[in-house]
Structure formats: structure tokens, C-alpha cells
Amino acid sequence: MIEHNVSLKPYNTFGLNAEAKLLVRINSVAALQEILADDKLMEEERFILGGGSNILLTRDVDGLIIKNEISGIEVVHETDSHVLLRSGAGVVWHELVMHCIGKNHAGIENLSLIPGNVGAAPMQNIGAYGVELKDVFHSLEAVEMSTGNVHSFSNSDCQFGYRESVFKRKLKGQFIISSVTLKLSKQPNINTSYGAIEAELERLGVSEPSIQDVSKAVINIRQSKLPDPKKLGNSGSFFKNPVIPTSQYEQLKRKHPDIPGYSAGEETKLAAGWLIEQCGWKGKIVGNTGSHAQQALVLVNYGNATGVEIFNLSAQIMQSVYDTFGVQLEREVNVY
Ligand code: EPU
């Protein structure tokens, strides 16, 4: 069923008001193929919506929104040590994490509480607290929009990088991810390399953590820093952490001795939150928007912000970080 003139406010975690001319919910590959075969509908501009957690809507959508609601979680292969678990793209990511923790399938507990749906996870190779999706990713299936054909993509086919994949680059706008298969471990492979997790586990009095404990620690850390989109509209980190040549980092460090940087050979990843905070934006309220008081990297909607307002704030922040540090920030969020 095609819905007309649909408010997108409930479907984007910024809580922005924008309207879609047409919206269709699909809950199977067959239903999606049927839509793609409708020549009249395909004349419309198409826009794929998952959990709406990484999108800044600056205008109405004068076209067709395809809302991916393909559900289902199933084990498709099992050995003594691993399971291959396939999830529909419309499953809420955190529900998948909780499902795995319940079954003692290890590997994604560090990725607890990341907003959004499973189908969006490979798009930008979601990551947090020392783990990225690519570490547990096995394969995915995606429907080619121009033909309706189903294609399978392996880990290397996806060309994962830091918040990057082939679906954001070369194949942008060409495929709709229908399911994702993860390779998870039956023996917990605890990863507490991220300092804050160790500290939180200690605070909880846990010395030999289970995957449940790691998940709990991650949830506590996230809740202490990141605003809950149900209470305060936001889309997590608004910017990527910039990666610059290590030589440039060394120069910056001479001028700013405290600047955090994670060097890997010739490249160093900076902390965008730190750069933004140094420029005085942290906790600053500008009209209906601002940079969050606990995490400068997160821009929030205080209730009545427009997408344009948030976009303009992000441009101002980018300019001031550039003027102060000579570093160009890049938006992580997709701007429409
Ligand atoms: N920092 C500041 N001020 C701030 C925020 C951070 O100085 O306002 C400094 C911290 O002190 C620390 C460094 O920046 O030295 C890193 O901070 P944090 O550990 O909070 O992580 P992040 O780099 O800001 C990234 C991801 C998050 C992910 C966390 C934890 C990106 C763009 N963001 O944030 O992912 O949860 O690491 O792994 O890579 C997201 O992508 O939406 C997201 C929330």
C-alpha cells in the first residue's frame, strides 16, 4: 500500500519535520521487487529509509520513500565454534545485539545500543568501543534497484573502511540491503581494549566479564555521554573523526600538546569531539540546536530545529575547526 503525504518526524532520530510525497513499507524481497517493477512508481525519485538514525532532512522528499521493514533472525550455519546468523535489514540493530547476548553468540556486544537498523550497519561500517561491524561481518544480500536482482556481497566486496563501504561510494544509491549475515563466536571473545570499558567494568565490580557484562558497560557509557534520541533528537556523531597525515599531527602537537591522536603508521586519527570542544562549541545552544554538553561531536535538536538550522550550525563548526587547526571535518550524517 502506498501512503501519501507522510510526516517523517517519527522516522528520523533528529525528530525533524519533513514530509514524503509517497511512502511504501516493504517486508520481504518479493514485495520490494514488486515495487521496483512498477514503472510508474519508478519515475519518482527513490529514497531508502531504515531506522533514520543517520540522516539530516533539510527538505521534504518529493518522491518515494521505501521503508525497509524486512524482519527475521535465523542461524543459517553452525559449527562447534561459530554460528552464521542472518538478520533481516529491518531488524532494529540493538534488538539483534540483545538476541545474540541471550543466545551467547559473541562478537557484537561492544556495539550495544547503536541506534538504527541492521541494514544500515554495513553502509557505514558501524563501530564503537574497539569493534567495527567488519570484524564480524560475513556477507549480505542486496537487491539491485535497476533490475530487482538479488546480489550477494562478501566482506571484501563491501570494501569496508572507517565509517565507509562500497555502498557509500561506488555503488551509492544502486542497491537496497535486504539481509546481513554475521559470523559470531560461541566462545566469548571479550574485547575491553577501549579504556572506558575496563573502567566501567571495574566500577561494576566485574573482574571476569561475560558478553552480558561488556554490553552493560557499553550501555552505561553510552547513556552517560550520548543523548537518547527519544528524549533529545540527534543522530550520534555528526562528524567523522578526521584522519590526517602523521606528519601534520606532529606539527599540530607542537602547538597543541594535549591534542589526542591515534597513530597508525603514516596516518593519525584525531578526535573531532576534542577539536570542536577546543573551539568553544561544546554545550553551546544556537537557536533550536547546539553541540551536546557531554559529547561535542553530537549535534542535537532542542525541539523545533529545522534541518537547515542544524546544517548551518555544522557548517559554522567546520569553519571554526578549520580556522583553528587547519583540519577539515567531514559530516558522518547523510544530508538530504
Ligand atoms: N573528546 C573531547 N570532547 C568531547 C568529546 C570527546 O575532548 O566533547 C575526546 C575524549 O576525551 C577522547 C576522544 O575525544 O579523548 C574520543 O572520545 P570518545 O571516546 O567519546 O569517542 P569519539 O571518538 O568522540 C567515536 C565514535 C562513536 C563511538 C565512540 C566510542 C566516530 C565519529 N564516533 O566517538 O560513534 O561510540 O567512538 O567508540 O567515530 C557514532 O558514530 O554515531 C558514534 C557515536
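**Figure 1. Salt bridges of the predicted model.** Counting as a salt bridge any side-chain nitrogen of Lys or Arg within 4 Å of a carboxyl oxygen of Asp or Glu, the predicted model holds 18 salt bridges. Side chains of opposite charge can pair when their charged atoms come close. E3, R25, K67 and E69 are linked in a network of such salt bridges. Residues are numbered from 1 along each chain as its sequence is written, and side-chain values use heavy atoms, with hydrogens and water left out. Because this is a predicted model, local features need pLDDT of at least 70 and side-chain atom pairs count only at pLDDT 80 or more, whereas totals for chains, interfaces and linings use all residues.

**Figure 2. The salt bridge between K240 and E330****.** The closest N and O atoms of K240 and E330 are 3.5 Å apart. K240 lies in the loop between β13 (233-237) and β14 (243-245), and E330 in the loop between α7 (307-325) and β20 (334-335), so the pair ties together parts that are 90 residues apart in sequence; helices (H or I, at least four residues) and strands (E, at least two) are DSSP runs, numbered from the N terminus. K240 is buried, at 8% relative accessibility, while E330, with a relative accessible area of 40%, is partly exposed. In these terms, buried means under 20% relative accessible area, exposed over 50%, and partly exposed in between, with a 1.4 Å probe and protein chains only.

**Figure 3. The salt bridges K134 to E132** **and D228 to K231****.** In the pair formed by K134 and E132, the closest N and O atoms are 3.5 Å apart. K134 counts as partly exposed at 33% relative accessibility, whereas E132 is buried with a relative accessible area of 17%. D228 pairs with K231, and here the closest N and O atoms are 4.0 Å apart.

**Figure 4. The interface of domain 1 and domain 2****.** The domain assignment of the protein chain, in which bounds come from an automatic or database source, gives domain 1 (3-68), domain 2 (73-185) and domain 3 (233-335). The centres of domain 1 and domain 2, taken over C-alpha atoms, are separated by 21 Å. Twelve residues of domain 1 are in contact with 14 residues of domain 2, contact meaning heavy atoms within 4.5 Å. Between them, domain 1 and domain 2 bury about 1000 Å², of which 66% is on carbon and sulfur atoms; buried area is the accessible area (1.4 Å probe) that two parts lose on being put together, summed over both. There are zero salt bridges between domain 1 and domain 2, and two residue pairs are in polar contact, both at pLDDT 80 or more. A polar contact is a pair of N or O atoms within 3.5 Å; within protein, one must be able to donate a hydrogen and the other to accept it, and residues adjacent in sequence count only if both atoms are side-chain atoms.

**Figure 5. The side of domain 1 that touches domain 2****.** The elements α1 (29-36), β3 (46-49) and β5 (61-68) each supply at least two residues of this side of domain 1. The most comes from α1, with four residues. By residue class, this side of domain 1 divides into five nonpolar, six polar and one charged, where Ala, Val, Leu, Ile, Met, Phe, Trp, Tyr, Cys and Pro count as nonpolar, Asp, Glu, Lys and Arg as charged, and the others, Gly among them, as polar.

**Figure 6. The surroundings of S87** **and H99****.** S87 is found in strand β7 (residues 82-88) and is buried, with a relative accessible area of 1%. Leaving aside neighbours within four places in sequence, S87 is in contact with G72, I73, L96, V118, S178, S179 and V180. H99 lies in helix α2 (residues 93-103) and counts as partly exposed, at 26% relative accessibility. With its neighbours within four places in sequence likewise left aside, H99 is in contact with I73 and L85. The C-alpha atoms of H99 and I73, residues that stand 26 apart along the chain, are separated by 8.7 Å.

**Figure 7. Positive phi at Y129** **and Q159****.** Y129, although not a glycine, has a positive phi of about 50°; its place is in the loop between β8 (127-128) and β9 (131-132), and Y129 is buried, with a relative accessible area of 10%. Q159 is not a glycine either and has a positive phi of about 50°. Q159 is found in the loop between β11 (150-154) and β12 (175-185), where Q159 counts as partly exposed at 47% relative accessibility.
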